[in-house]
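Colleague: Please take a close look at a single residue of this model and its surroundings. After that, tell me how the rest of the chain is laid out.

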Amino acid sequence: MAGPGHDPLRGAIPPDTDGRLSPIHPEAPAMSVQFTHIGYDQFLADIEAVARRMEEDADWRPNFIVGIGRGGLVPGTFLSHRTGIALLSIDHSAKVYEFAEALLVRLAGWTRDGEKYLFVDDINDSGKTLAHMRATIRDNGGDPANVRYAVLVDNVSSTQRVDYASRSIDRRVDKDWFVFPWESVAPSEVIAEEALEDPDRLSL
């Protein structure tokens, strides 16, 4: 399976004079980060691939898709339309308790009652986001059998595993930072900052 690192739109943004991404902090060592833009057609193909993998798993169908904010909101919306499964959202990235942790606690209770949830994110990099979701649901008495996870791009060397994915990469060798269609409208310097804010994402 060809990895997303082969996207023809790949390019560095913004490079310094040596062709490397300038570090955010002056004391930090220079890091070489390559940017790969995921085109809209590829995004649609990834949604279709995840939907088909869900359909192949005929014994498990979620009551709700849960988009993980920010990266999983757009994929969650498209997957909801493709599958006809209703959409919920958790805004993990904003770190606002009422829109994140509080909702996870409530979902944990509903899983005990038998409701099934498919959490959706754009990419499984370090696995920190998925680990947090799993731990919060588990620590609040949730039933892990009623929760599954889907991503467009899965890092096989992540600390966490997913149930459905379109494509796989290995962060031990593939250090590209993937820019999804909804992220491409951001200023280049913001994309660069996000790429370097957590070295664990790229296994740097």
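Modeller: I will take Asp-154, whose side chain is joined to that of Asn-124 by a polar contact of 2.8 Å. A polar contact here is a pair of N or O atoms within 3.5 Å; within protein, one must be able to donate a hydrogen and the other to accept it, and residues adjacent in sequence count only if both atoms are side-chain atoms. This is a predicted model, in which local features need pLDDT of at least 70 and side-chain atom pairs count only at pLDDT 80 or more, while totals for chains, interfaces and linings use all residues. Residues are numbered from 1 along each chain as its sequence is written, and side-chain values use heavy atoms, with hydrogens and water left out.

Asp-154 sits in strand β5. Helices (H or I, at least four residues) and strands (E, at least two) are DSSP runs, numbered from the N terminus. The relative accessible area of Asp-154 is 7%, so the residue is buried; buried means under 20%, exposed over 50%, and partly exposed in between, with a 1.4 Å probe and protein chains only. Leaving out residues up to four places away in sequence, Asp-154 touches Asn-124, Arg-161, Val-162, Ala-165, Arg-167, Ser-168 and Ile-169, where contact means heavy atoms within 4.5 Å.

Leu-130, in helix α4 (residues 128-139), also has Asn-124 and Val-162 among the residues it touches. Leu-130 is buried because its relative accessibility is 4%.

In α2 (residues 73-83), the buried residues are Pro-75, Gly-76, Leu-79, Ser-80 and Thr-83. Down the axis of α2 these residues fall within an arc of 135°, so they line one face of the helix; the arc is that of the directions from the helix axis to the C-beta atoms. After α2 comes Gly-84, with a positive phi near 75°.

As for the whole chain, it has five helices and seven strands, in the order β-α-β-α-β-α-β-α-β-β-β-α along the sequence. Of its 204 residues, 43% count as buried. Among contacts in the chain with a separation of 6 or more, 69% are between residues 24 or more positions apart.
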